[in-house]
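Let's take a walk through this structure together, one stop at a time. Have a look at it below, and then we'll begin with a single residue.

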Amino acid sequence: MASQEESVREFVAVTDVDEERARFFLESAGWNLQLALASFFEDGADDDIVTLPQPEGGSSVSRSAGPSTQPRVTSFRDLMHEAEEESDEEEGQRFFAGGSERSGQQIVGPPKKKSPNEVVEDLFKGAREHGAVPLDRPGRGPGEHSKAKAFIGGGYKLGAAPEEQSAYVAGEKRGSKSQQDVHVVLKLWKTGFSLDNGELRNYSDPGNANFLEAIRRGEIPLELRQRSRGGQVNLDMEDHRDEDFSKPKVAFRAFGGEGQKLGSATPELVSAPATSQQDQAASEAQASTTVSLDSSQPVTNIQIRLADGSRLVQRFNHTHRVSDLRQFVVGARPAMAAREFVLMTTFPNKELSDESQTLEQANLLNAVIVQRLN
């Protein structure tokens, strides 16, 4: 007892509180003076003390003789802090109903719904945790694709000199049609997400739950894997969480149908011939056989762009005349026999009015000729 009274006096001398308050802190700390002082200056100096009710029957709670490792002082600050932590839990707010002083029923409310901003943050966090790398692409607008596609077709390599023949260069072959690589841009908006230039899909839609969960796990969703059919899927994520959804404008596409040729009092309809591809190929092959080619003489390739949009390529000797080009066009397209047309050069545009000239005299070696209807 003497040591306890000495501890009370020392506590009062340091804290300048009454003996009853000092005895409370010392009893709560198991009469450990240092622990009682730490509890007082941490919680008791400015806050009121909450005294827990003693159990009925008058029996006191036994305490261990040794010093306690945990403070036994509870303040209003601690209670408020615990309430804030509980309110932040995802399982929802807890409620107590019914019961008496020593019993009651706990009711857990429904889970709190995440805001769209938190949903987007979770998606990016999951992607980063699974190896996603942020990319800086300056100069791109929202949803704008800047990835250019290389030309993969074939074409003719023109000769460097008039006597050099043109050669056909084949393009790269595409892979199997069943397997293809897919590049998708996932745009995360304020209220939902979209794929490439597609429609808005809401975050709260149950049909999108599996898609978003796969993104959160750092996986490619099944929907995108089915697009690639076993190929590679490249997924880019764009952060638009502070923006409302805006569908990008449709890219301009040139008119590919039929039309009327202007420039005359009665415009005429210009369209592709109604002949089948087999008949057209047969006509081209027949026209090629009518060209008398001398392999011992210099040879050149002439490309002719027809008014219907198709092209013809034929080999001629340098001594062939411009009239031979006209006969070849009429033979390859029999429908042109009843039409009036002229042949012109490109860059600069010049009409080939003198059809008696040879190809060499008309400077048409390895040239491109354009057909224009009158």
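Arg-305 has a relative accessibility of 34%, so it counts as partly exposed; buried means under 20% relative accessible area, exposed over 50%, and partly exposed in between, using a 1.4 Å probe and protein chains only. Before going further, keep in mind that this is a predicted model, where local features need pLDDT of at least 70 and side-chain atom pairs count only at pLDDT 80 or more, while totals for chains, interfaces and linings use all residues. Residues are numbered from 1 along each chain as its sequence is written, and side-chain values use heavy atoms, with hydrogens and water left out.

Back to Arg-305, which sits in strand E11 (residues 299-305). Helices (H or I, at least four residues) and strands (E, at least two) are DSSP runs, numbered from the N terminus. Gln-371 is 66 residues from Arg-305 in sequence, yet the two C-alpha atoms are 6.1 Å apart in space. If you set aside neighbours within four places in sequence, Arg-305 is in contact (heavy atoms within 4.5 Å) with Ser-310, Arg-311, Val-368, Ile-369, Val-370 and Gln-371.

One of those partners, Ile-369, leads us to the largest nonpolar core. That core has 23 residues, and Ile-304, Leu-325, Leu-364 and Ile-369 touch the most other members. A nonpolar core here is a set of buried Ala, Val, Leu, Ile, Met, Phe, Trp, Tyr and Cys residues joined through side-chain atoms within 4.5 Å. Two or more residues each come from E11, strand E12 (311-317), H9, strand E13 (341-345) and strand E15 (368-373). Which element gives the largest share of this core? The answer is H9, with five residues. Leu-364 touches Ile-302, Val-322, Leu-325, Thr-345, Leu-352, Leu-359 and Ile-369, leaving out residues up to four places away in sequence. Another core lies apart from this one; it has 16 residues, among them Phe-124, Val-184, Leu-188 and Ile-215. As a general point, nonpolar side chains tend to be buried together in soluble globular proteins.

Is Leu-186 buried or exposed? With 0% relative accessibility, Leu-186 counts as buried. Met-237 is 51 residues away from Leu-186 in sequence, but 4.7 Å away in space, C-alpha to C-alpha. Not counting residues up to four places away in sequence, Leu-186 touches Phe-193, Ser-194, Leu-195, Phe-211, Ile-215, Leu-235, Asp-236, Met-237 and Glu-238.

Now for the helices. Two packed helices are described by the angle between their axes and the distance between the axes. Axes are lines fitted to C-alpha atoms, for helices over the stretch in contact, and angles run from 0 to 180 degrees between N-to-C directions. Helix H5 (residues 116-129) and helix H6 (residues 209-216) have axes that come within 7 Å and cross at roughly 45°. H5 and H6 are therefore oblique to each other; angles under 35 degrees count as roughly parallel, over 145 as roughly antiparallel, 65 to 115 as roughly perpendicular and the rest as oblique. On the H5 side the contact is made by Val-119, Asp-122, Leu-123, Gly-126 and Ala-127, and on the H6 side by Leu-212, Ile-215 and Arg-216.

Helix H8 (residues 277-289) and helix H9 (residues 322-332) pack at about 150°, with axes 7 Å apart. That makes H8 roughly antiparallel to H9. Here Ser-283, Glu-284, Ala-287 and Ser-288 of H8 meet Phe-328, Gly-331 and Ala-332 of H9.

At the other end of the numbering, helix H1 (residues 2-15) packs against helix H2 (residues 19-28) at an angle of about 115°, their axes 9 Å apart. That makes H1 roughly perpendicular to H2.

Two loop residues are worth a stop. Most residues other than glycine have a negative phi. Trp-31, however, has a positive phi of about 60° although it is not a glycine, and Trp-31 is found in the loop between H2 and helix H3 (33-44). Asn-363 also has a positive phi of about 60°, and its place is in the loop between strand E14 (350-351) and E15. Asn-363 is exposed, with a relative accessible area of 66%.

Finally, step back to the whole chain. There are nine helices and 15 strands, and 26% of the 374 residues count as buried.
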